[in-house]
Amino acid sequence: MDRFIIEGGHPLHGTIQVSGAKNAILPVMAAALLAPGKSVLSNVPNLIDLKTMAHLLRIIGARVDMVEDKLHIDSTDVCYCEAPYELVSKMRASIYVMGPLLSRLGEARVSFPGGCAIGTRPVDLHLKAIEKLGAEVNIEHGYIHAKAKKLKGAAIHFEKSSVGATINTLMACVTAEGETELLNAAMEPEVDSTIDFLNAMGAKITGKGSTHLVIKGVDELFPVGMEMISDRIEAGTFMIAGAMSSEPLTVANCQPAHLEDVIAKLRSAGCEIITTDTTITVNPPKVIKPVNITTLPYPGFPTDLQAQFMVLMALADGVSIITDTIFPDRFMHVSELNRLQANINLNLNIATVHGVKSLGGAEIMATDLRASAALVLAGIKAEGETIINRIYHIDRGYDKIEEKLNSVGARIVRDSA
Ligand code: UD1
């Protein structure tokens with residue numbers, strides 16, 4: 001199993017490139033199932049999660065080919081309605097095929113996603129929404145079995161803001177009979193980019209960028225080509241790395257408008273931040289100021305950057321409070337950071353971070369995707385050597401992170417022994 005060996009203490013500087021957004025590409029790959037013919041996505045990185053989704057689409061009957069940074073998805077022969085346990089248990093986002101399969105084939109059989117390293121993650125909102133659209137849903141032998149001859153538009157009020165449930169429902173209802181209204185819909189940029197893709201295919205969705213979406217059902221959708229948005233979480237991870245450096249770091253090929261709250265929090269921590277249309281330059285402070293954060297649905301602070309921001313706060317001059325309201329159990333990184341001599345106490349979903357002068361290298365273990373990125377940032381900053389085991393998590397969502405960070409001054413070796 002691969003591990004990273006990091007020689008800490010080398011400052012980052014220069015320009016680092018951001019790839020296309022995994023969480024925007026996954027739903028759009030599923031949306032491509034809605035129309036027979038070939039859709040082409042560009043700005044697609046080489047990530048394990050995207051390969052898992054490609055595998056699933058092939059099982060369903062699509063042809064999927066990756067050529068350089070372009071993903072070609074031909075959905076002409078889509079005929080099989082099952083997402084098997086082996087794939088859903090590897091990647092929860094497999095549930096995204098449920099909406100498109102219901103719409104295209106009138107039936108979807110998707111393995112019930114289990115828990116994962118960041119806690120219990122139910123799918124009740126997805127199921128209630130498709131039931132509202134007229135699907136008959138049964139849970140049998142560990143599978144969700146949903147059936148509907150023809151979905152019918154409905155008004156759906158999500159009890160909670162959910163990226164996945166909003167996107168799945170959108171993909172189910174674009175070809176439903178009549179009008180669907182989604183209230184308290186999620187507003188994440190990944191939802192917007194799915195709406196752009198669906199509208200380009202011929203869907204009629206209005207209200208993008210708000211919590212109130214209106215969808216007029218259409219009879220037919222067509223394959224399209226689209227360039228994928230850049231990954232705001234990868235960009236935010238690099239911005240935080242820059243905030244911990246002693247020299248300026250420019251994060252390129254990103255969309256600063258998607259990171260306003262993160263930029264604000266980094267400014268509160270003492271960073272000077274300069275943005276252009278596609279770059280963010282972070283000038284780190286001499287002394288990092290403590291800043292409290294609470295994760296919230298977009299445009300609030302993203303839960304996917306909570307662990308990375310905690311590393312910055314571990315080195316702040318004072319005490320900060322970090323609260324995760326989206327995934328209350330997402331704190332597996334705390335004990336690993338404490339092994340690197342951080343001083344963090346956890347009480348339920350609230351971490352109290354007592355800043356320390358420096359971190360010290362040690363052998364640690366990556367627990368989930370974003371926590372792994374946080375541990376890499378900590379290793380870059382820690383004195384001496386840090387060994388991070390089980391880094392396969394990071395390859396799910398970051399394309400060659402060690403090569404990118406090494407190109408701006410880090411010293412990370414991937415040990416594949
Ligand atoms: C997506 C992202 C993930 C990110 C999360 C929150 C992808 C592939 N993953 O996950 O990286 O951390 O958004 O920004 O895009 N919930 C329910 N019932 C449901 C669905 C969700 O109670 O049926 C709860 C969740 O437990 C959580 C909250 O709603 O507390 C938000 O989760 P959601 O936005 O659905 O996250 P995902 O779409 O799974």
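Leaving aside its neighbours within four places in sequence, which residues is aspartate 49 in contact with? They are Lys22, Leu26, Met91 and Arg396, where contact means heavy atoms within 4.5 Å. Before going on, two notes about what you're looking at. This is a predicted model, in which local features need pLDDT of at least 70, side-chain atom pairs count only at pLDDT 80 or more, and totals for chains, interfaces and linings use all residues. Residues are numbered from 1 along each chain as its sequence is written, and side-chain values use heavy atoms, with hydrogens and water left out.

Back to aspartate 49, which sits in helix α2, residues 48-60. Its relative accessibility is 2%, so aspartate 49 counts as buried. (Buried means under 20% relative accessible area, exposed over 50%, and partly exposed in between, using a 1.4 Å probe and protein chains only.)

Now zoom out. The protein chain has 14 helices and 24 strands; these are DSSP runs numbered from the N terminus, with helices being H or I of at least four residues and strands E of at least two. Along its principal axes, the C-alpha trace spans about 65 × 45 × 40 Å. A compact globule of 417 residues would have a radius of gyration near 22 Å, and the protein chain agrees with that at 21 Å. That radius is taken over C-alpha atoms, and the globule rule is 2.2 Å times the number of residues to the power 0.38.

How much of the chain is tucked away? Of its 417 residues, 58% count as buried. Take the contacts in the chain with a separation of 6 or more: residues 24 or more positions apart account for 72% of them.

Next stop: cysteine 254, in the loop between β15 (249-252) and α9 (260-268). With 2% relative accessibility, cysteine 254 counts as buried. Not counting residues up to four places away in sequence, cysteine 254 touches Val18, Ser230, Ala235, Asp277, Thr278, Thr279 and Ile280. Proline 113, on the other hand, is 141 residues from cysteine 254 in sequence and 32 Å from it in space, C-alpha to C-alpha.

Most residues other than glycine have a negative phi, and most peptide bonds are trans. The bond from tyrosine 298 to proline 299, though, is cis, with omega near 10°, and proline 299 is found in the loop between β18 (293-295) and α10 (306-314). Leucine 348 isn't a glycine, yet has a positive phi of about 55°. You'll find leucine 348 in the loop between β20 (343-347) and β21 (350-354), and at 71% relative accessibility it counts as exposed. Lysine 400 also isn't a glycine and has a positive phi, of about 45°. Its place is the loop between α13 (392-397) and α14 (401-406), and at 39% relative accessibility lysine 400 counts as partly exposed.

Finally, have a look at the second largest pocket. Of the 17 residues lining this pocket, the closest to its centre are Lys286, Val287, Ile288, Leu315 and Lys357. (On a 1 Å grid over the protein atoms alone, a pocket is an open set of points where a 1.4 Å probe fits, with protein on both sides within 12 Å along at least five of seven lines; lining residues have an atom within 4 Å of a point.)
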